Amino acid sequence: MIGSTLVNDAGTAAPVAEGNSAAAIAKPEPSQPSSAPAKIRVTNLSFFYDEVQALFNNTIEIPDRHITALIGPSGCGKSTFLRALNRMNDEIPGTRVQGEVLLDGVDIYGPTCDKVILRRRVGMVFQRPNPFPKSIYENVAYGPRVHGEGRKSRLDEIVEHSLRRAALWDEVKDGLHKSAFDISGGQQQRLCIARVLAVEPEVLLMDEPCSALDPASTFRIEELMRELQKDIAIVIVTHNMQQAARVSDTTGFFLKGELLEVGPTLRIFSKPDDKRTEDYIQGRFG
Ligand SMILES: Nc1ncnc2c1ncn2[C@@H]1O[C@H](COP(=O)(O)OP(=O)(O)OP(=O)(O)O)[C@@H](O)[C@H]1O
Ligand SMILES: [Mg+2]
């Protein structure tokens, strides 16, 4: 519906002007979008929950140091796709994957892949902040410890560095040994991001990371993504069209398990090739 409102992740309605308005708020195109090398290359990816097929032959390149947004109606396979990129779906019994996912040219579904290392390299942040029932410090130190770092001085450095990168340090530095449950939801989400950053991922997968947050916390996470993008590849799933337009360089539109269209965000939001992409972006369905 043209001239409607879009509801952002914080549930706040924001006006959308007539026409292809999302283009007006879209982030400017990077000068050389196609020059970014592919960090992840997905080819003909299909996915099954028992007999039910959830993804159909999807092909996409996830460039390094670039933000890729995935949009599409509920149940169209966005989370399934995201979880396929670090084999989180493997933990669900009865699932099956077909096709190829290359990380720096190496098949993550190949026999030599170590899933612990894969998930360190390809980290994930979920919709609801899910800190461990531990202190703020221990949440961040957990990953490096699991990966063998035992030196207290080094862990202190990693905790501070990760909390700074997640733009949380100043707010928690005087209470690092407080329970992670005693900070706000927005702070918990940044803590979860710090926990992932502590193991130096090369790719960050974010599944609706702001949907439980207020506009101010959403803004902080988006700023953080732009900062992180200088070093790593980010893939974000969002139902918030304005967020996709604001933060991403490339947008992929999923419909019924199929990546219908992928392209530069500005083009997807202003002149999509497929009528269904346009209808979805303009709120006609989904
Ligand atoms: N653990 C599961 N077991 C069986 N089917 C599942 C499971 N998780 C998802 N599905 C099915 O796979 C399809 C895709 O679901 P998925 O969660 O990937 O969609 P989505 O695009 O992330 O939706 P949303 O926007 O609501 O989060 C849906 O039909 C869903 O019912
Ligand atoms: Mg989902």
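1. Two strands are taken here as paired if DSSP finds at least two bridges between them, and the helices (H or I, at least four residues) and strands (E, at least two) are themselves DSSP runs, numbered from the N terminus. The structure is a predicted model, in which local features need pLDDT of at least 70 and side-chain atom pairs count only at pLDDT 80 or more, whereas totals for chains, interfaces and linings use all residues. Residues are numbered from 1 along each chain as its sequence is written, while chains are lettered from A and ligands numbered from 1 in the order in which they are written.

2. On the chain as a whole, the secondary structure comes to eleven helices and twelve strands. Of the 286 residues in the protein chain, 42% are buried, a residue being buried if 20 or more other C-beta atoms lie within 10 Å of its own, exposed if 12 or fewer, and partly exposed in between, with C-beta atoms placed from the backbone. Taking contacts between residues at least 6 apart in sequence, 70% join residues at least 24 apart, where contact requires that the two C-beta atoms, placed from the backbone, lie within 7 Å.

3. One open sheet is built from six strands in the order 8-9-10-5-11-12, with mixed pairing. Its edges are strand 8 (122-125) and strand 12 (258-264), each of which pairs on one side only. On average, neighbouring strands of this sheet are turned by 20 degrees against each other, direction ignored; axes are lines fitted to C-alpha atoms, for helices over the stretch in contact, and angles run from 0 to 180 degrees between N-to-C directions. Within the sheet, strand 5 (residues 67-71) and strand 10 (residues 233-237) pair in the parallel sense over four bridges, and Leu70 stands opposite Val237 in strand 10.

4. A four-stranded open sheet has the order 4-3-6-7 and antiparallel pairing. Strand 4 (52-63) and strand 7 (106-107) are at its edges with a single partner strand each, so one side of each is left without a neighbour in the sheet. Strand 3 (residues 38-49) runs antiparallel to strand 6 (residues 95-103) and is joined to strand 6 by eight bridges; along this pairing, Ile40 stands opposite Leu103 and Tyr49 stands opposite Thr95.

5. The antiparallel pairing of strand 6 with strand 7 rests on two bridges, and Leu102 has Asp107 of strand 7 as its bridge partner. These two strands form a hairpin with two residues between the strands, in which Asp104 takes a positive phi near 50 degrees.

6. Positive phi values also deserve a look in two loops. Ala167, a residue other than glycine, has phi near 55 degrees; Ala167 lies in the loop between helix 5 and helix 6 (169-172) and is partly exposed, with 16 other C-beta atoms within 10 Å. Glu208, also not a glycine, has a positive phi near 45 degrees and is found in the loop between strand 9 (203-207) and helix 8 (215-228), where Glu208 counts as buried because it has 20 C-beta neighbours inside 10 Å.

7. Helix 4 (residues 136-146) packs on helix 5 (residues 152-165) at an angle of about 110 degrees, their axes being 9 Å apart. The two helices are therefore roughly perpendicular to each other (under 35 degrees counts as roughly parallel, over 145 as roughly antiparallel, 65 to 115 as roughly perpendicular and the rest as oblique). The contact is made by Tyr137, Val140, Ala141 and Pro144 of helix 4 together with Leu155, Ile158, Val159, Ser162 and Leu163 of helix 5. These residues divide into eight nonpolar, one polar and no charged, with Ala, Val, Leu, Ile, Met, Phe, Trp, Tyr, Cys and Pro counted as nonpolar, Asp, Glu, Lys and Arg as charged, and the others, Gly among them, as polar.

8. Pro272 is placed in the loop between helix 10 (265-270) and helix 11 (275-281), and counts as buried because it has 21 C-beta neighbours inside 10 Å. Leaving aside residues up to four places away in sequence, Pro272 touches Glu261, Thr277, Glu278 and Ile281. From Pro272 to Glu261 the separation is eleven residues in sequence and 7.9 Å in space, C-alpha to C-alpha.
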